[in-house]
Number of protein chains: 2
Amino acid sequence: MIGIFDSGVGGMTVAKTIEQVCPQYPLLYFGDVAHTPYGSKSPETIINYSRRNVDFLLRQGAEIIIVACNSAAATSINKLRTEYSVPIIDVVTATASKATENTTNKRIGIIGTRATVQSDIYTQQIKQRNPACQIYSQACPLLVPLIEEGWLNKRETKMIVRRYLTPLRRHQIDTLILGCTHYPLLTPLIQKRIGKKVRLIDSSIETARYLQSFLDNSPEITSNIRKKNTNQQPHHFEKNLFFVSDSTPPLRKLANGIFGRKINLINTNANTNT
Amino acid sequence: MIGIFDSGVGGMTVAKTIEQVCPQYPLLYFGDVAHTPYGSKSPETIINYSRRNVDFLLRQGAEIIIVACNSAAATSINKLRTEYSVPIIDVVTATASKATENTTNKRIGIIGTRATVQSDIYTQQIKQRNPACQIYSQACPLLVPLIEEGWLNKRETKMIVRRYLTPLRRHQIDTLILGCTHYPLLTPLIQKRIGKKVRLIDSSIETARYLQSFLDNSPEITSNIRKKNTNQQPHHFEKNLFFVSDSTPPLRKLANGIFGRKINLINTNANTNT
């Protein structure tokens, strides 16, 4: 099975795209809602949470891990790769790769949480691919709370998006990385403010494509996943499992909204003391 | 020692007021930053976190517990009182009591996190004291992120405060409970928007006063606390201890800002896997 984790429900935008791109593989999702958000926490704390999430997914039978949270990928991906032997695919690598391919004027913007921006991981990964690129990054800590409130088109949200993007606009970027899985929900506002000539790179889409290409080139892994799930061919989305470490009504509503269908969230902490 | 816990650093506004009102007693603060915020999480999860926080403070030698977080008090105070034998003082009881005393037109407004508002605890406590009171409550989930960003006087913050307070203004309340320890930092904006005739009830101040009165009437507890801390008379604020379950530069800056002095935050999770 393909295991995916995120700090909450934002990574469901990645899971949804993977469902569409790779419908033949069953998914295991884990949203660490009890500890959300990761983006304002320290790298040490985010690494510890990420380890626990990987352990949980492996115990549930995951054969490949997707780190669907930019803050988790930015701070912990190197550690996780040294500590675990399963393949680990992360949102940052796929997205940085696409942005480097896309830019023509070599001016790339990045928006994300404070943890993602401060980790500097997008800059490092883009510079490794093309040292000539200029990178301009902007932490946007208020966008996740606004999105989680559903304020996708409110005047205040437009003003805050404007405040965050104005410095990037001045740098005349031609490519903007949406470095947080929540941000695609604000695509219309962001595109309008940054200008229609700037290409937005959606980390959900790039990660799903990267996974698809990885699976196409890893026959031993895919045959193993297929062998264990022979009764699920063709795969039915209803067999995918969605675990969360906490569950509230607004969260369930957001999950259903992302997938456009009723999602059964399994609360791993229900009736426990953890 | 007096133990205080909060979901983060907001409760430091309570700790600071207690330092001023009861300077003779040493304080132990615990901010559960690794799990912040509580206000958007489920009651079950908040109760579990609150239990762990009380256990931590008791292990450190606390003889009395202050629940300085409205979301924690609103969801877990009844459970905690049945499970622990130490005195537990909470922000809600003191604040509800003051609001009921203050109102003359019997119309009281409450602003807080979603967890606090949905718990309905302020309504219950005010109605117990005076069933004739009408209570109007408003969840304000975006205020904590705005305050934590330091956007105390930005145009967007003013607009969001206006959006949240307009329904309460229409109800012609004469008393407004600031039901979250972060909100006193927005007092000028809130007072301006709700109208200067409305009295704002600050849960930090009311809790400190309530504690002072409790201690004045509990000689056995106060003599015990004093006996163990005879070398700290008169008490020096520098002896107070501030523990946090995670630490970041913006958090340290906020803590120093609240107290107006350098606060040494002791990270209980440093170099551990929890």
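Start in chain B with helix α6, residues 121-129: its buried residues are I121(B), Y122(B) and I126(B). Buried means that 20 or more other C-beta atoms, placed from the backbone, lie within 10 Å of the residue's own. These residues cover an arc of only 125 degrees around the axis, which puts them on the same side of α6(B). The arc is taken from the directions from the helix axis to the C-beta atoms.

This is a predicted model, where local features need pLDDT of at least 70, side-chain atom pairs count only at pLDDT 80 or more, and totals for chains, interfaces and linings use all residues. Residues are numbered from 1 along each chain as its sequence is written, and chains are lettered from A in the order in which they are written.

Now show what surrounds the helix. The buried residues of α6(B) pack against α3 (70-83), α4 (91-102), β5 (107-112), α5 (114-119), β6 (134-139) and β7 (175-179) of chain B. Contact means C-beta atoms, placed from the backbone, within 7 Å. Helices (H or I, at least four residues) and strands (E, at least two) are DSSP runs, numbered from the N terminus.

Next, select the open sheet of 6 strands in chain B. Its order is β4-β3-β1-β2-β9-β10, with parallel pairing. Strands pair if DSSP finds at least two bridges between them. The edge strands are β4 (88-90) and β10 (265-267) of chain B.

Zoom in on β1 (2-6) and β3 (64-67) of chain B, which pair in the parallel sense over 4 bridges. Here G3(B) stands opposite I65(B) in β3(B).

Finish with helix α1 (12-21) of chain B. It packs on the sheet, touching β1, β2 (27-31) and β3 of chain B.

Notes: A residue is buried if 20 or more other C-beta atoms lie within 10 Å of its own, exposed if 12 or fewer, and partly exposed in between; C-beta atoms are placed from the backbone. Two residues are in contact if their C-beta atoms, placed from the backbone, lie within 7 Å. Axes are lines fitted to C-alpha atoms, for helices over the stretch in contact, and angles run from 0 to 180 degrees between N-to-C directions.
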